[in-house]
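I opened this one to jot down a few local features. Notes follow in the order I looked things up.

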Amino acid sequence: MGTLDGKTVIVTGASKGIGAATASAMVTAGARVIAHYGRDRAGAEAATSAAHPGQVTLLQADLSDLAAVDDFWDQAVTAADGHIDVLVNNAGIMRQVGGIDDPIETWDEAWDVSMVVNVLAPARLLRHAVRSWLGSGKTGSVIAIGSWVTTRGTSNPGAISYAASKAAIAAATKTVARNYADRGILAYVIAPGVVRTQMSVDSAAATGGEAAVTASLPMGEWVPPSDIAETAVFLAEGRARHLTGATIDLNGAAYIR
């Protein structure tokens with residue numbers, strides 16, 4: 001018996017990094033998983049390869065297209081026989097250029113894509129989820145995979161739009177927590193530090209290199225995606241109800257508030 005037996009969980013961006021680790025951990029915990037991917041179906045398949053037959057549904061959607069986001073939600077609900085228990089808003093994009101010193105065209109493109117993919121798309125899914133729970137009288141949870149840049153800013157000047165976008169969706173998630181807790185709707189933000197993902201590797205290359213970033217970390221190592229995944233599983237279990245609204249920092253003491 002898994003701790004998430006009987007629950008259906010959506011994980012966006014399940015083909016790589018934190019999303020892949022989270023989808024895998026949800027499968028291991030017994031959840032019925034709706035695994036979203038953009039272009040890398042093979043990555044999503046690999047992440048959920050330990051699933052039993054019928055335990056996982058892979059759904060593709062371009063999160064830069066809000067109509068596709070709506071279609072994805074409808075497909076997910078159908079696959080879940082009408083009810084989603086947990087939404088893990090993980091998918092995101094980080095432009096490495098588009099800072100103040102870059103051309104205005106690069107700045108605008110970075111902000112446009114960051115706002116759509118990192119804010120509007122997950123907010124749309126959050127809205128769908130909360131409305132479905134309110135309409136059915138059932139409960140549910142939203143878990144946003146945020147970042148420590150929402151409170152400390154980013155050391156990569158080119159990623160300014162990423163930092164702003166992650167702060168925006170974190171605030172939206174906390175607003176859900178504050179306004180719907182009395183109806184059993186819970187919402188959390190997990191804020192990782194430097195995680196061993198390709199996105200962080202690319203960011204490190206723009207800020208002095210991987211060795212320099214590692215040397216700045218108290219534990220001398222990057223956070224493994226599995227740490228975030230296991231925290232998401234714990235939150236999905238619903239045993240920490242009064243943790244709703246919280247931001248859970250996972251950065252190895254690199255940033256303490």
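This is a predicted model: local features need pLDDT of at least 70, side-chain atom pairs count only at pLDDT 80 or more; totals for chains, interfaces and linings use all residues.

Which residues of helix 6 are buried? I listed Ser161, Tyr162, Ala163, Ser165, Lys166, Ile169, Ala170, Thr173, Val176 and Ala177. An α-helix has 3.6 residues a turn, so residues three or four places apart point the same way.

I also checked the length of helix 6 (residues 160–180): its 21 residues reach 31 Å from first C-alpha to last, close to the 30 Å expected at 1.5 Å a residue.

**Asn118**

Next I went to Asn118, which lies in helix 4. Is Asn118 buried or exposed? I found it buried, because its relative accessible area is 2%, under the 20% cut-off. Its side chain makes a polar contact of 3.0 Å with the side chain of Ser165, and Ser165 is itself on the buried list of helix 6. Beyond its neighbours within four places in sequence, I have Asn118 touching Ala91, Gly92, Ile93, Val113, Tyr162, Ser165 and Ile169.

**Helix 3 against helix 4**

I then looked at how helix 3 (residues 66–79) meets helix 4 (residues 104–136): their axes come within 10 Å and cross at roughly 35 degrees. The crossing is right-handed. From helix 3, the contact uses Leu66, Val69, Asp70, Phe72 and Trp73, while helix 4 brings Leu120, Ala121, Arg124, Leu125, His128, Ala129 and Ser132. I sorted the contact residues into eight nonpolar, two polar and two charged.

**Arg183**

Arg183 is in the loop between helix 6 and strand 6. I call it partly exposed, because its relative accessible area is 45%. Its C-alpha is 8.1 Å from that of Gly137, 46 residues away along the chain. Leaving out residues up to four places away in sequence, Arg183 touches Leu134, Lys138 and Thr139.

**Positive phi**

Last, I went through backbone angles. Most residues other than glycine have a negative phi. Asp81 has a positive phi, near 60 degrees, and is in the loop between helix 3 and strand 4 (86–89). I count Asp81 as exposed, because its relative accessibility is 74%. Ala253 also has a positive phi, near 70 degrees. I found Ala253 in the segment after strand 7 (247–250), partly exposed at 44%.

Definitions and conventions:
Residues are numbered from 1 along each chain as its sequence is written. Side-chain values use heavy atoms; hydrogens and water are left out. Axes are lines fitted to C-alpha atoms, for helices over the stretch in contact, and angles run from 0 to 180 degrees between N-to-C directions. Helices (H or I, at least four residues) and strands (E, at least two) are DSSP runs, numbered from the N terminus. A crossing is left-handed if the near helix is turned anticlockwise from the far one by less than a right angle, and right-handed if clockwise. Contact means heavy atoms within 4.5 Å. Ala, Val, Leu, Ile, Met, Phe, Trp, Tyr, Cys and Pro count as nonpolar, Asp, Glu, Lys and Arg as charged, and the others, Gly among them, as polar. Buried means under 20% relative accessible area, exposed over 50%, partly exposed in between (1.4 Å probe, protein chains only). A polar contact is a pair of N or O atoms within 3.5 Å; within protein, one must be able to donate a hydrogen and the other to accept it, and residues adjacent in sequence count only if both atoms are side-chain atoms. The expected span of a helix is 1.5 Å times one less than its number of residues.
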